Amino acid sequence: MSVSTRTSATRRGSPAEPAAGAGSLPIAGVTAAPQARPGRGRSWRQKGWLRLISPLVVLALWQIISVTGVVSQQKLPSLTTLWSTAVRLITTTSPTYGTLQGAMAISLERVSIGFAIGGGFAVILAVIAGLSRFGENAVDPIMQALRTLPLFGLIPVFIVWFGIGETPKITLIALGAAIPLYLNTFAGIRGVDGKLAELGQVLGLRRREMIRDIVLPGALPMILVGLRQSLGVAWLALVVAEQINANAGLGFIINQGETFLQQNVIFVALFVYLILGLLTDYIVRLIERRALTWRRGIMET
Amino acid sequence: MATRNHGNLAAERSALGSVAGQGVAAPEVGAPGAAASGVVAQTSGLSRSFAGHVVLDDLDLEIRSGEFVAMIGRSGTGKSTLLRALAGLDRDVTGGLTVSAPVAVVFQEPRLVPWKRVLANVSLGLRASDPRGVARSALDEVGLAERADAWPLTLSGGEAQRAALARALVRDPGLLLLDEPFSALDALTRISMHALVLSLWERHRPAVLLVTHDVDEALALADRVLVLADGKIAHSATITLGRPRDRDHPDLVALRIRLLTELGVATRDVDRE
């Protein structure tokens with residue numbers, strides 16, 4: 001939950017200070033000079049491999065501790081056990097769990113829908129708040145208030161309002177995803193170089209063109225920071241939402257595993273969350289690299 | 001935005017004819033010929049103050065079609081304020097202000113949109129049937145055709161400012177506002193930019209208002225040099241020499257001293273007079 005409350009630096013139009021969350025990006029801040037990362041291409045990949053070492057060490061330790069019985073298999077199943085559990089969950093349809101890929105599909109669907117709704121609203125609201133004083137006065141206080149609200153404290157309220165079907169789950173994900181994306185997009189828009197807005201005026205850009213060609217691209221680095229935080233919160237909200245009253249999905253599998261005291265199933269589901277989280281983060285990084293090529297321009301000369 | 005009397009071509013420049021250094025006063029450069037084709041911008045009693053501090057004070061100015069006007073003045077005398085008012089960027093001026101031609105602006109810094117390639121920068125907001133085609137030929141005109149697909153951050157200062165010129169030109173302005181566009185460039189680049197601006201002006205004949213700190217720049221380029229002081233036009237001088245001009249021409253030397261005096265810069269030459 002800490003992820004959503006970490007974005008505090010974005011109040012009152014104070015512009016560029018990036019509301020950097022976990023693993024703050026090298027690309028934060030609209031006006032920041034492009035960072036020189038010499039010889040990006042190959043050394044980047046090499047660095048990528050280096051980064052795999054420590055997780056692999058952790059996994060190896062895990063395996064050793066578990067197999068040697070330092071910690072009982074009941075508490076910490078070995079990786080090989082987890083692997084066979086995963087294979088079993090994928091290849092057979094159990095009455096207790098369904099299939100792992102089925103659960104994954106359902107969870108992905110919930111996150112996608114929730115994120116699309118929340119993210120869409122967030123960007124629209126941020127544009128409204130970012131482009132006019134009136135919009136800021138209308139939208140920002142509400143969003144700032146929502147930001148301080150403990151997301152998961154809303155669950156009982158949502159259950160009363162929306163029942164126990166998909167609606168409360170998706171609402172929770174949407175709300176959780178919307179906040180960081182809104183905050184960062186708003187700050188990003190306010191941080192757009194005023195001289196470029198003036199230029200747009202001189203060039204006779206229409207409002208739509210101004211937003212499309214100047215405002216949103218200018219805010220993009222911050223929007224992408226917000227996007228990563230948002231996706232993080234979305235996954236988080238999903239886990240919680242799915243453990244409340246679901247009969248399918250990864251959270252449901254965890255719940256069942258808890259009920260039947262099958263630690264290995266819980267761990268498998270957690271690993272799937274982890275992989276999906278890393279995957280979405282990776283996708284955002286790809287988008288980032290493509291969308292911000294113009295910053296690299298300076299290094300090519 | 002209605003009247004756009006493009007190019008009084010009758011006032012063909014005799015720049016080619018006048019040998020550099022001869023300083024032969026070319027017949028009626030600018031003034032009378034252009035007057036016939038009308039006024040593109042006019043202010044009467046234009047005033048602007050910032051929190052009680054008067055920057056423009058009841059200023060009257062007329063810029064005629066096709067005319068090259070340079071405005072000099074010390075910092076803080078309202079040059080840029082006037083230019084911004086003419087560009088429609090300042091809604092808080094009072095007094096009369098009429099601009100009857102499309103306006104384009106080149107700012108002190110190139111102000112290219114960094115996330116758009118050079119060509120897209122030039123065609124940005126352009127309402128033409130083939131914006132990219134028109135933009136490409138404008139880039140060609142400023143000698144930047146081969147950088148059309150470059151990112152702005154990779155351009156040199158001179159290249160970036162040429163792209164900004166192309167972006168202004170491509171809009172076919174009747175009034176081109178240049179806000180110290182060469183001040184950030186090195187001396188050599190500045191000289192070639194002067195030549196470029198002159199050739200573009202001669203080809204397209206917009207009225208130009210060039211704001212500058214540089215008296216020599218004004219003398220090299222303008223038909224008319226205005227000195228702005230205390231929010232008013234303190235001095236106006238017409239230059240009828242053909243271009244390119246020899247900066248040592250006696251008329252220009254005399255005018256330089258005069259202008260520097262107006263600007264409050266004491267020179268030995270001034271003392272001698």
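Author: Let's start with the rule for pairing: two strands count as paired if DSSP finds at least two bridges between them. This is a predicted model, and in chain B that rule gives an open sheet of 3 strands, ordered β2-β1-β4 with antiparallel pairing. Because β2 (53–64) and β4 (94–99) of chain B each have a single partner strand, they stand at the edges, and one side of each has no neighbour in the sheet. On average, and ignoring direction, neighbouring strands here are turned by 15° against each other.

Now the β1–β2 pair. Strand β1 (residues 39–50) of chain B runs antiparallel to β2(B) over 8 bridges. To pick out one of them, B:R48 has B:L56 in β2(B) as its bridge partner.

Chain B also touches chain A, with 12 residues from chain B and 18 residues from chain A in the contact. The chain B side is made up of 9 nonpolar, 2 polar and 1 charged residues.

Over in chain A, it's helices we can look at. Helix α8 (residues 194–202) and helix α9 (residues 207–245) of chain A pack at about 175°, axes 11 Å apart, which means α8(A) is roughly antiparallel to α9(A). There, A:L196, A:A197 and A:G200 of α8(A) meet A:M210, A:I214 and A:G218 of α9(A).

Key: Residues are numbered from 1 along each chain as its sequence is written. Chains are lettered from A and ligands numbered from 1 in the order in which they are written. This is a predicted model: local features need pLDDT of at least 70, side-chain atom pairs count only at pLDDT 80 or more; totals for chains, interfaces and linings use all residues. Axes are lines fitted to C-alpha atoms, for helices over the stretch in contact, and angles run from 0 to 180 degrees between N-to-C directions. Helices (H or I, at least four residues) and strands (E, at least two) are DSSP runs, numbered from the N terminus. Angles under 35 degrees count as roughly parallel, over 145 as roughly antiparallel, 65 to 115 as roughly perpendicular and the rest as oblique. Two residues are in contact if their C-beta atoms, placed from the backbone, lie within 7 Å. Ala, Val, Leu, Ile, Met, Phe, Trp, Tyr, Cys and Pro count as nonpolar, Asp, Glu, Lys and Arg as charged, and the others, Gly among them, as polar.
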